[in-house]
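Dear colleague,

I am passing on the structure we spoke about, with the sequence and the model placed just below. My notes on what was found in it follow after that.

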Amino acid sequence: MNRILVIHGPNLDLLGTREPDVYGRTTLAGIEASLKRIAKENGAEIESFQSNHEGEIVSKIGQASAGFQAIVINPAAYTHTSVAIRDAVAACGLPVVEVHLSNVYRREEFRHHSLVAPVAVGQVTGFGPQSYELGLLAALSACRKGARS
Ligand code: CA2
């Protein structure tokens with residue numbers, strides 16, 4: 001059975017409670033519930049991990065190959081700043097799909113650049129919670145093809 005690790009970066013624990021105009025009203029628990037359902041329908045399993053700390057995210061990515069076949073990650077603000085997360089993704093040996101709730105290319109210039117995208121298999125951005133669902137399907141497809149980041 002394919003196991004997919006879903007990583008949520010800083011402040012995503014606030015989803016659904018603040019800034020609904022930008023990030024919508026769906027909570028992280030709501031996103032996780034729909035990902036669990038989609039994983040089950042595809043004979044797979046997900047585990048979710050949220051952290052506000054760069055080092056914790058780096059460690060989680062580094063350990064992932066022991067228990068998972070792919071990663072879906074929303075690195076949040078670290079997308080635009082973290083060489084450490086980029087290096088962890090590049091080294092992890094798993095297909096990694098980068099997702100964003102908002103369309104980062106329609107927002108401030110500093111959000112247009114992702115350090116993670118060049119080492120990911122692909123990026124889904126701008127579809128709200130559905131970005132995670134599309135990202136999960138892409139990750140499952142990458143598992144079937146045996147893709148690597
Ligand atoms: O659109 C996305 O998913 C982002 O990764 C969200 C990040 C942002 O820094 C990226 O540029 C794009 C911010 C996540 C903050 O999440 C919040 C959720 C609710 C309330 C406040 C912040």
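Leaving aside residues up to four places away in sequence, Ser-51 touches His-8, Gly-9, Pro-10, Glu-56 and Ile-57. Please keep in mind, here and in what follows, that this is a predicted model. Ser-51 sits in the loop that runs between β2 and α3, and because its relative accessibility is 2%, where the limit for buried is under 20%, it counts as buried. The side chain of Ser-51 also reaches the backbone nitrogen of His-53, at a distance of 2.9 Å.

One of the residues touched by Ser-51, Ile-57, leads on to helix α3, which spans residues 54-63 and in which Ile-57, Lys-60 and Ile-61 are buried. As for what the buried residues of α3 pack against, the partners are the strands β1 (2-8), β2 (44-50) and β3 (70-74), together with the helix α4 (83-91).

Turning to the ligand, there are 17 residues around it, of which Asn-74, His-80, His-100, Leu-101 and Ser-102 come nearest. A polar atom in the side chain of Asn-74 is placed 2.8 Å from an oxygen atom of the ligand, whereas Leu-101 uses its backbone, with an N or O atom that lies 2.7 Å from a ligand oxygen. Ala-77 also takes part through a polar backbone atom, which is 3.4 Å from an oxygen atom of the ligand. On its own the ligand has 510 Å² of accessible area, and the protein covers 95% of it.

Ala-76, which is in the loop between β3 and α4, has a phi near 50°, a positive value in a residue other than glycine. Glu-19, found in the loop between β1 and α1 (20-23), likewise has a positive phi without being glycine, with a value near 45°. Are these two residues buried or exposed? Ala-76 has a relative accessible area of 15% and is therefore buried, while Glu-19, at 52% relative accessibility, counts as exposed because the limit for that class is over 50%.

Note on methods:
Residues are numbered from 1 along each chain as its sequence is written. This is a predicted model: local features need pLDDT of at least 70, side-chain atom pairs count only at pLDDT 80 or more; totals for chains, interfaces and linings use all residues. Side-chain values use heavy atoms; hydrogens and water are left out. Buried means under 20% relative accessible area, exposed over 50%, partly exposed in between (1.4 Å probe, protein chains only). Helices (H or I, at least four residues) and strands (E, at least two) are DSSP runs, numbered from the N terminus. Contact means heavy atoms within 4.5 Å. A residue is near a molecule or strand if one of its heavy atoms lies within 4 Å of it. A polar contact is a pair of N or O atoms within 3.5 Å; within protein, one must be able to donate a hydrogen and the other to accept it, and residues adjacent in sequence count only if both atoms are side-chain atoms. Accessible areas come from the Shrake-Rupley method with a 1.4 Å probe; for residues, only the protein chains shown count as cover.
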